[in-house]
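Have a look at the picture, then read on.

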Amino acid sequence: MAPDKIRIKILLFVLVITMLVLTPILFVCCDKPNIHNVGIEELQEINGLGELLSERIVTYLDNNPNADIDDLTDVKGIGEGKIKLIKERWSD
């Protein structure tokens, strides 16, 4: 077999193995949408988050792009219980 064909087969083999290894990792780490991409309507689907709290959350996240879900306790009306519900659905 020509050396170029062997190199191509090795490259394809490495590519396939890499994809097989990385694909499950991507699904595990990225199974929840990021909280910064959530809209008011989606937030309102959580029991106890009405329009006002949802608007406050979106405004807070817009003004604090590096905030994580735990920082939402800075939003008036958001406590640990609501933080727990948000974490079940979205990631930081």
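Let's start on the outside: Ile-6, Ile-10, Phe-13, Val-14, Val-16, Ile-17, Leu-20, Val-21 and Leu-22 form a nonpolar surface patch with about 820 Å² of accessible area together. A patch here takes residues with over 30% relative accessible area and no salt bridge, joining like charges within 9 Å and nonpolar side chains (Val, Leu, Ile, Met, Phe, Trp, Tyr) within 5 Å. A salt bridge would be a side-chain nitrogen of Lys or Arg within 4 Å of a carboxyl oxygen of Asp or Glu. Accessible areas come from the Shrake-Rupley method with a 1.4 Å probe, and for residues only the protein chains shown count as cover.

This is a predicted model, where local features need pLDDT of at least 70, side-chain atom pairs count only at pLDDT 80 or more, and totals for chains, interfaces and linings use all residues. Residues are numbered from 1 along each chain as its sequence is written, and side-chain values use heavy atoms, leaving out hydrogens and water.

**Overall layout**
- The chain has four helices and zero strands, with helices (H or I, at least four residues) and strands (E, at least two) taken as DSSP runs numbered from the N terminus.
- Of the chain's 92 residues, 21% are buried; buried means under 20% relative accessible area, exposed over 50%, and partly exposed in between (1.4 Å probe, protein chains only).

**A patch member up close**
- Leu-20 sits in helix α1, which covers residues 3-29.
- Leu-20 counts as exposed because its relative accessibility is 58%.

**The core**
- The largest nonpolar core has 18 residues, and Ile-35, Leu-43, Leu-49, Ile-57, Leu-72, Ile-78 and Ile-86 touch the most other members.
- Helices α3 (51-63) and α4 (80-89) each give this core at least two residues, and α3 has the largest share, with five.
- Such a core is a set of buried Ala, Val, Leu, Ile, Met, Phe, Trp, Tyr and Cys residues joined through side-chain atoms within 4.5 Å.
- Beyond its neighbours within four places in sequence, Ile-57 is in contact (heavy atoms within 4.5 Å) with Leu-43, Leu-49, Leu-72, Val-75, Ile-78 and Ile-86.

**A loop residue**
- Pro-33 lies in the loop between α1 and α2 (40-43), and its relative accessible area of 43% makes it partly exposed.
- Pro-33 and Trp-90 are 57 residues apart in sequence, yet 5.2 Å apart in space, C-alpha to C-alpha.
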